[in-house]
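Keep the viewer open as you read.

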Amino acid sequence: MTDTSTHALLNPAAADLGAHAPKPTATTPGMTEATLVLWTNGRVETGLWESNAGSFTATREGYSEICTIISGEATITGAGEEPITYRAGDMVAMPSGWVGVWDVPVAVRKHYTTIND
């Protein structure tokens, strides 16, 4: 069943994402994250995510992700790829099977959409 109701978030930069929790894949001690899911239908999910500074590993296994950086910055290095630094307004797409590292020099917030395979 698809949820067709309207869900709106007018200011994603100021939205309260709730309490931060430890980032499970962090390689930097003390790194935390918070997520606010805005809408999901079981196959597609969209919302906001943020983390404090640090580094973490990431794997997009079984889903693809498209995101837009809202604030802060992150240098993202895909396996076998050159690092790319993303800042507010930049978009990145990570297809299913993508593996890499996020280096976050200052807190970062993004809007994300994931699509399950």
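Strand 5 and strand 8 run antiparallel to each other and are joined by 13 bridges. Strands here are DSSP runs of E with at least two residues, numbered from the N terminus (helices are runs of H or I with at least four), and two strands count as paired if DSSP finds at least two bridges between them. To find this pairing in the viewer, look for E73, whose bridge partner in strand 8 is V106.

A word on ground rules: this is a predicted model, in which local features need pLDDT of at least 70 and side-chain atom pairs count only at pLDDT 80 or more, while totals for chains, interfaces and linings use all residues. Residues are numbered from 1 along each chain as its sequence is written, and side-chain values use heavy atoms, with hydrogens and water left out.

Now for the charges. Side chains of opposite charge can pair when their charged atoms come close. The term salt bridge is used for a side-chain nitrogen of Lys or Arg within 4 Å of a carboxyl oxygen of Asp or Glu, and the model has 5 salt bridges by that rule. One of them joins R109 and E50, with 2.7 Å from N to O. R109 belongs to strand 8 (residues 99-116) and E50 to strand 3 (residues 44-51), so this contact ties together parts that are 59 residues apart in sequence.

E65 and K110 form another salt bridge, their closest N and O atoms lying 2.6 Å apart. This pair links distant parts of the chain, with E65 in strand 5 (residues 63-78) and K110 in strand 8, 45 residues apart. E65 and K110 are both buried. Together with R60, they are linked in a network of salt bridges.

Finally, return to E73, which forms a salt bridge with R87 at 3.4 Å between the closest N and O atoms. Because E73 lies in strand 5 and R87 in strand 6 (residues 84-87), the pair ties together parts 14 residues apart in sequence. R87 is partly exposed, with a relative accessible area of 45%.

Technical notes:
Buried < 20%, exposed > 50% of the residue type's maximum accessible area, 1.4 Å probe, protein only.
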